[in-house]
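Dear colleague,

Please find below the structure that I am handing over to you. My notes on what was found in it follow directly after.

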Amino acid sequence: MKEVTLKVEGMSCAHCVSAVEKSVGALEGVSDVKVNLDQGLVEVKFDDSIVSVEKIKETIDDQGYDVVS
């Protein structure tokens with residue numbers, strides 16, 4: 001398992017947290033997603049042989065948030 005922490009802009013409420021956690025968590029290969037709303041961070045544990053960091057970033061972007069790192 002790999003772990004990545006992404007800086008995400010545009011999240012401002014519990015709905016934002018839920019949208020990101022549900023969409024990223026639904027990806028095959030993702031085992032855990034934690035959003036820190038105050039810091040604008042998304043921590044993801046995933047199997048990089050199944051899903052890529054780019055796919056995770058795309059999924060967050062599709063929810064309307066900007067991944068900056």
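With 69 residues, what radius of gyration would a compact globule have, and what does the protein have? A compact globule of that length would have a radius of gyration near 11 Å, and the protein, which is a predicted model, has 11 Å, so the two agree. Along the principal axes, its C-alpha atoms fill a box of roughly 30 × 20 × 15 Å. Of the 69 residues, 35% count as buried. When contacts between residues at least 6 apart in sequence are considered, 61% of them join residues at least 24 apart.

The overall arrangement is as follows. The protein contains two helices and four strands, and their order along the sequence is β-α-β-β-α-β.

The four strands form an open sheet with antiparallel pairing, in the order β2-β3-β1-β4. The edges are taken by β2 (30-36) and β4 (66-67); each has a single partner strand, and therefore one side of each is left without a neighbour in the sheet. The partner of β2 is β3 (residues 41-46), to which β2 is joined by six bridges, the two strands running antiparallel. Within this pairing, V30 has F46 of β3 as its bridge partner.

I turn next to helix α1. This helix comprises residues 14-25 and lies across β2 and β3, at about 165° to β2. Its 12 residues reach 16 Å from the first C-alpha to the last, close to the 16 Å expected at 1.5 Å a residue.

Which residues of α1 are buried? They are C16, V17, A19, V20, S23 and V24. Viewed down the axis of α1, these buried residues fall within an arc of 165°, which means that they line one face of the helix. An α-helix has 3.6 residues a turn, so residues three or four places apart point the same way. The buried residues of α1 pack against β2, β3 and also α2 (53-62). On the other side of α1, by contrast, A14, H15 and K22 are exposed.

In summary, α1 lies across β2 and β3, and its buried residues are in contact with both of those strands and with α2.

With kind regards

Definitions and conventions
Residues are numbered from 1 along each chain as its sequence is written. This is a predicted model: local features need pLDDT of at least 70, side-chain atom pairs count only at pLDDT 80 or more; totals for chains, interfaces and linings use all residues. Side-chain values use heavy atoms; hydrogens and water are left out. Two strands pair if DSSP finds at least two bridges between them. Contact means heavy atoms within 4.5 Å. Axes are lines fitted to C-alpha atoms, for helices over the stretch in contact, and angles run from 0 to 180 degrees between N-to-C directions. The expected span of a helix is 1.5 Å times one less than its number of residues. Buried means under 20% relative accessible area, exposed over 50%, partly exposed in between (1.4 Å probe, protein chains only). The arc is that of the directions from the helix axis to the C-beta atoms. The radius of gyration is taken over C-alpha atoms; the globule rule is 2.2 Å times the number of residues to the power 0.38.
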